[in-house]
Amino acid sequence: MFVLILVGLLGRLQFVVFEFCFGQTIAFVSNLVDYRPLFDSIIAAEAGQKDRKNVVGLGAKLAPAAQTLNFPQYLTSVVTHLLASMTTRAENYHDQTLKAVFLLNNISYMFNYLKQSGIIEVMKEDAPNVDRLITTRIMEQRTAYLDCWTPLTRLLNEAIAEATQLRTRSPHDVSMQTATNYDVQLKEKDRQALKDRCTAINKEIMIQASKQEKYSVPDQALRTSLQQQNRELIIALYNNYRERYVRIPFTKFHDKYLPYTTAQVSDMLDRFFSQDTFSLALGTTAQAFRSEE
């Protein structure tokens, strides 16, 4: 079952990536595990009957796949189709970040269910590396998600490089805390270039915040892991940038061009994928559900 929740919030349409599973299919497969002996006997009887027909020339030769059909292979086939269906549905999202979060939510949910129900152990009889293969799919989506930070990290690195160049043009500057030596170096075009860099960085931060504070990752372990991943990628880099620029006299209004402290950026990252977003989505009356089998 596929569920996309569209939530009307504060007069705007909000998108929440809701954890879903193809619930009926997974539940059906989970129940089948209890009846594996019966399933195997039916398959074995059917295969034996076809083999007897072949012996007397009444049936065509069985394909290798049919000859080796068993319960673990059946489970592997079902899960393979579920993964393919998730990938196909993800193509409905044009935003690459949303697509990655969608797949992370759902592949992780399915993988956890397979492990908790014991299905993954049965699948290993057919595909011993199945857990590693699914983990690889999850890691691929984590990497795809991180691509959303490429514009910001590029801007930050360029800004830091510019600040470093300014410092080298001030041979008498013995400390980054002594900003007065920049006064004779910074021309108006230099000041404007630095202002433009700061403006671009602030804009990119707000773009990501406005998008990702709307996303939900209900699984606590996955949510915490993504938040930590974001902090490791962004915080040290942002702090380096801010500590340099706050000491460069390119403006009399540093608060305007450097409005976010490092702590504020860290708090912003921690609000991403919030369970509060998920709870609010469930609690609001302005919901529209689209369900498909």
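A salt bridge is a side-chain nitrogen of Lys or Arg within 4 Å of a carboxyl oxygen of Asp or Glu, and the structure, which is a predicted model, holds eight salt bridges. The legends below take some of these contacts in turn, together with a pocket, a surface patch and a pair of residues.

**View 1. Lysine 124 and aspartate 131 in a salt-bridge network.** The side chains of lysine 124 and aspartate 131 meet in a salt bridge, with a distance of 3.3 Å from N to O. This contact belongs to a network of salt bridges in which Glu121, Lys124 and Asp131 are linked. Lysine 124 has a relative accessibility of 25% and therefore counts as partly exposed, and aspartate 131, with a relative accessible area of 26%, is partly exposed as well.

**View 2. A salt bridge between arginine 271 and glutamate 213.** The closest N and O atoms of arginine 271 and glutamate 213 are 3.1 Å apart in this salt bridge. The pair links distant parts of the chain, since the two residues are 58 residues apart, with arginine 271 in the loop between helix H12 (262-270) and helix H13 (275-283) and glutamate 213 in the loop between helix H9 (188-212) and H10. Arginine 271 is partly exposed because its relative accessible area is 43%, while glutamate 213, at 27% relative accessibility, also counts as partly exposed.

**View 3. A salt bridge between arginine 247 and glutamate 243.** Here the closest N and O atoms of arginine 247 and glutamate 243 lie 3.3 Å apart, and the two residues form a salt bridge. Arginine 247 counts as partly exposed because its relative accessibility is 26%, and glutamate 243 falls in the partly exposed class at 34% relative accessibility.

**View 4. The second largest pocket and its lining.** About 160 Å³ of space lies in the second largest pocket, and the residues that line it are Ser108, Phe111, Asn112, Ile138, Met139, Arg142, Asp219, Ala221, Leu222 and Ser225. At least two residues of this lining come from each of helix H5 (96-117), helix H7 (130-146) and helix H10 (220-245). Sorted by class, the lining of the second largest pocket has five nonpolar, three polar and two charged residues.

**View 5. A nonpolar patch on the surface.** Tyr35, Leu38 and Ile42 form a nonpolar patch on the surface, and together these residues have about 330 Å² of accessible area. Leucine 38, one of the residues of the patch, has its place in helix H2, which covers residues 36-55.

**View 6. Glutamine 228 and aspartate 270.** Glutamine 228 has its place in helix H10, and at 33% relative accessibility this residue counts as partly exposed. Along the sequence, glutamine 228 and aspartate 270 are 42 residues apart, whereas in space the distance between them is 8.4 Å from C-alpha to C-alpha.

Note on methods
Residues numbered from 1 in each chain as written. Predicted model: local features only at pLDDT ≥ 70, side-chain atom pairs only at ≥ 80, totals over all residues. Heavy atoms only, no water. Patch = residues over 30% accessible without salt bridge, like charges linked within 9 Å, V, L, I, M, F, W, Y side chains within 5 Å. Areas by Shrake-Rupley, 256 points an atom, 1.4 Å probe, with all protein chains shown as cover. Helix = DSSP H or I, 4+ residues; strand = E, 2+ residues; numbered from the N terminus. 1 Å grid on protein atoms, 1.4 Å probe; cavity = no way out; pocket = protein on both sides within 12 Å on 5 of 7 lines; lining within 4 Å. Points joined across faces, edges and corners; volume = space filled by probe spheres on them. Nonpolar A, V, L, I, M, F, W, Y, C, P; charged D, E, K, R; others polar. Buried < 20%, exposed > 50% of the residue type's maximum accessible area, 1.4 Å probe, protein only.
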